[in-house]
Amino acid sequence: MGDKPPGFRGSRGWIGCVEASLCLDHFRGPQGRLCHVPRGAGLLGEVERLYSHFTADGGPVMVGGDADARSKALLGVCLGPGTEAYVLVLDPHCWGAPKNPTELQAAGWVSWQEVNTTFDPKSFYNLCWTSRNSEKQDACPELRQSSWN
């Protein structure tokens, strides 16, 4: 796609959410919209937007950070009592066809995790929100697309 040096092709180098969004666009997959969260503590402020995203039939949200190098795919949100909030996290390294959801949970590939303990408060995070809707919309309307160029 031209965003990486020639030696990257065929390598086992990692890509992040920005590159994943470029790939979705390049291969005409689901729309990938980017949102940058400067600190993990700010993800608690995104819970309502995540909830709206999933209830509106939004697709998985890919998450990557800097100090927190554990990539994640968010599949859902659950609001608990008080200020507790949980995200359904899929480890994107999962492969193969599981027989059932219980198998995924037992192997640790999918789990509900509390937002306050899942994200490093000092790490920044990029989120790539996927949608079945082909219209281009900003996941974080307060950020301009030009900030990613």
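Figure 1. Of the 149 residues in the protein chain, 32% count as buried. The model shown is predicted.

**Figure 2. Fold and contact range.** Four helices and six strands make up the elements of the protein chain. Read from the N terminus, their order is α-β-α-β-β-β-α-β-α-β. Take the contacts between residues at least 6 apart in sequence: 66% of them join residues at least 24 apart.

**Figure 3. The largest nonpolar core.** This core has 18 residues. Val61, Leu74, Phe119 and Leu127 have the most contacts inside it. Two or more core residues come from each of these elements: strand S1 (31–37), helix H2 (47–55), strand S2 (61–65), strand S3 (72–79), strand S4 (85–90) and strand S6 (125–131). In soluble globular proteins, nonpolar side chains tend to be buried together.

**Figure 4. Close-up of Phe119.** Phe119 is among the residues with the most contacts inside the largest nonpolar core. Neighbours within four places in sequence are left aside here. Phe119 then contacts Gly40, Leu43, Val63 and Asp68, and also Lys72, Leu74, Val87 and Tyr125. One of these partners, Leu74, is likewise listed among the residues with the most contacts inside the core.

Figure 5. Glu19 sits in helix H1 (residues 17–26). Its relative accessibility is 18%, so Glu19 counts as buried; the cut-off is under 20%. Not counting residues up to four places away in sequence, Glu19 touches Asp3 and Lys4.

How values were computed: Residues numbered from 1 in each chain as written. Predicted model: local features only at pLDDT ≥ 70, side-chain atom pairs only at ≥ 80, totals over all residues. Heavy atoms only, no water. Buried < 20%, exposed > 50% of the residue type's maximum accessible area, 1.4 Å probe, protein only. Contact = heavy atoms within 4.5 Å. Core = buried A, V, L, I, M, F, W, Y, C linked by side-chain atoms within 4.5 Å.
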